[in-house]
Amino acid sequence: MQNIDCDWKSLPFGYFKTDYNVRCYWKDGAWGKLEVSDSEYINIHIAATALHYGQEAFEGLKAFRGKDGKIRVFRWEENSKRMNHSADAIMMQPVPKEIFKEAVITVIKKNEKYIPPFGTGASLYLRPLLIGSGPQVGVKPANEYMFMIFVCPVGPYFKEGFNPVKIQIVRDYDRAAPLGTGHVKVGGNYAASLRASVRAHDEGFASVLFLDAKEKKYIDECGPANFFAIKGNKYITPDSNSILPSITNMSLREIAKDMGLKVECRKVTVKELDDFDEVGACGTAAVISPVNKILDRNSDKIFEYCKDGKAGPVSTKLFQRLQGIQLGEVEDKFEWNLIIE
Ligand code: PLP
Ligand code: COI
C-alpha cells in the first residue's frame, strides 16, 4: 500500500483528515452493526446528553508500522476495558470487546495509507469515542449511545519529543475531585484542566503538574500524562484515586521490573521532588517526556533534573525498550501487540 505524501518527521500531534472513520449505535437495547463513514461529521440530537450533561468518554491508542513492515496496535484490550470503566462511571452503555476490536482493525485497514512509515518517529493515533446521543432534558442517562473511532497520523505530543520539558505545579486549579471522575477518561476532566494548561503554555511550560485536590500535598499527574520518577534503583509513580490509570505507565512498570528496578506505586509528596534522580511524564500521546525543570508556581521553588541537557539513563532505557516493542525491534515478550494482517 502506497503511503500518502507527507513530511512525516515534522508531523505535530493534531487533527489530520483521513479517509474513513467507524461508527456503531446502541438503540432499543442493542448495539447495531459497525458502519464505515467517510464524513468527518456526526448527526446527533440537539438534546443529546453528551452535549448537555457530559455523557462522553474517549480513549487514545496507537498503531505503528514496524521495522518488518507489519502494522502493530499496542494493548487495545486495555483501552477497551478502560473505556468501559469510564462508561460505567457515568452510566453509559459499555461497548462489547468484540465491537471495539472490530472497530480498531477496520479503521486501521481503511486508513492504511496514513500509517507513518517506520523510522519517522510518527504513528497512527486512534481516538475511540463513546457518547450519549439520545435526548434528555432532565439530568438522566441517555437511552441511545454512539461509539466511533477516527484516526490521525501524529508526531510527538510535546514538541520537544524525547527532549526534556519544563512543567509547573499549580495549586489554584484542580483537575479532579478525590471521589470524582479523575480515574476515568471523560471529557469533563479535560475541560477542567484547560485554564491551568493554557496558562502553563503561555508561561513557557509544556505541561501542568496537578496535585491531590484535598491536601495539595501529593503529586497526581502531569496534564494528559502520568508522573514517574527514578531514584537509584526504584521506579516511583503516584497511587491516587483521581488520576487516570495510564496504560503506558502500567507497561513501563512491567518493563522496569523486567530490567531489575524496584517498582513503588504509592503516594508521592511534592517534597520528594528534591530527592529524585530523574522525572518524567508518560502516556500514549506523550510516550515518555523527560522533565528537566519543575516550577512550583506558588513558592517559586524550582526542582531541576537532566542537568547535562539530556534525558536520564533510566528514562532512556525505558523509552527505548517500550518503543522497540511497539515497532517490532525488541521481542514482545509480554504479548502487548496485535498484528494487523
Ligand atoms: N493521564 C491522563 C489525564 C491522560 O489523558 C492520559 C492519556 O491517555 C494519560 C494519563 C496516559 O494514559 P495512557 O498511557 O493510557 O495513554
Ligand atoms: C493520550 O495519550 O492518548 C491522550 O488521551 C492524551 C490526550 C488527551 C491528548
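Visitor: Into which domains is the chain divided?

Guide: The chain is divided into domain 1 (8-154) and domain 2 (165-326); such bounds come from an automatic or database domain assignment. This is a predicted model, in which local features need pLDDT of at least 70 and side-chain atom pairs count only at pLDDT 80 or more, while totals for chains, interfaces and linings use all residues. Residues are numbered from 1 along each chain as its sequence is written, chains are lettered from A and ligands numbered from 1 in the order in which they are written, and side-chain values use heavy atoms, with hydrogens and water left out.

Visitor: What is the area buried between domain 1 and domain 2?

Guide: The size of an interface is often given as the accessible area lost when the parts come together. Here, with a 1.4 Å probe and the loss summed over both parts, the buried area is about 1600 Å², and carbon and sulfur atoms give 65% of that area. Phe58, Phe74 and Arg82 supply 36% of the area that domain 1 buries against domain 2, more than any other three residues.

Visitor: How many residues of each domain are in contact?

Guide: Contact means heavy atoms within 4.5 Å. By that rule, 20 residues of domain 1 meet 19 residues of domain 2. The domain centres, taken over C-alpha atoms, are 26 Å apart.

Visitor: How many residue pairs are in polar contact across the interface of domain 1 and domain 2?

Guide: A polar contact is a pair of N or O atoms within 3.5 Å; within protein, one must be able to donate a hydrogen and the other to accept it, and residues adjacent in sequence count only if both atoms are side-chain atoms. The rule finds six such residue pairs across the interface, both residues at pLDDT 80 or more. On the side of domain 1 that touches domain 2, strand 4 (56-58), strand 5 (61-65), strand 6 (71-74) and helix 2 (76-89) each give two or more residues. Helix 2 gives the most, with six residues. Helices (H or I, at least four residues) and strands (E, at least two) are DSSP runs, numbered from the N terminus.

Visitor: Is Arg321 buried or exposed?

Guide: Buried means under 20% relative accessible area, exposed over 50%, and partly exposed in between (1.4 Å probe, protein chains only). Arg321, in helix 6, has a relative accessible area of 17% and is therefore buried. Its side chain forms a polar contact of 2.7 Å with that of Asp258.

How values were computed
Buried area is the accessible area (1.4 Å probe) that two parts lose on being put together, summed over both.
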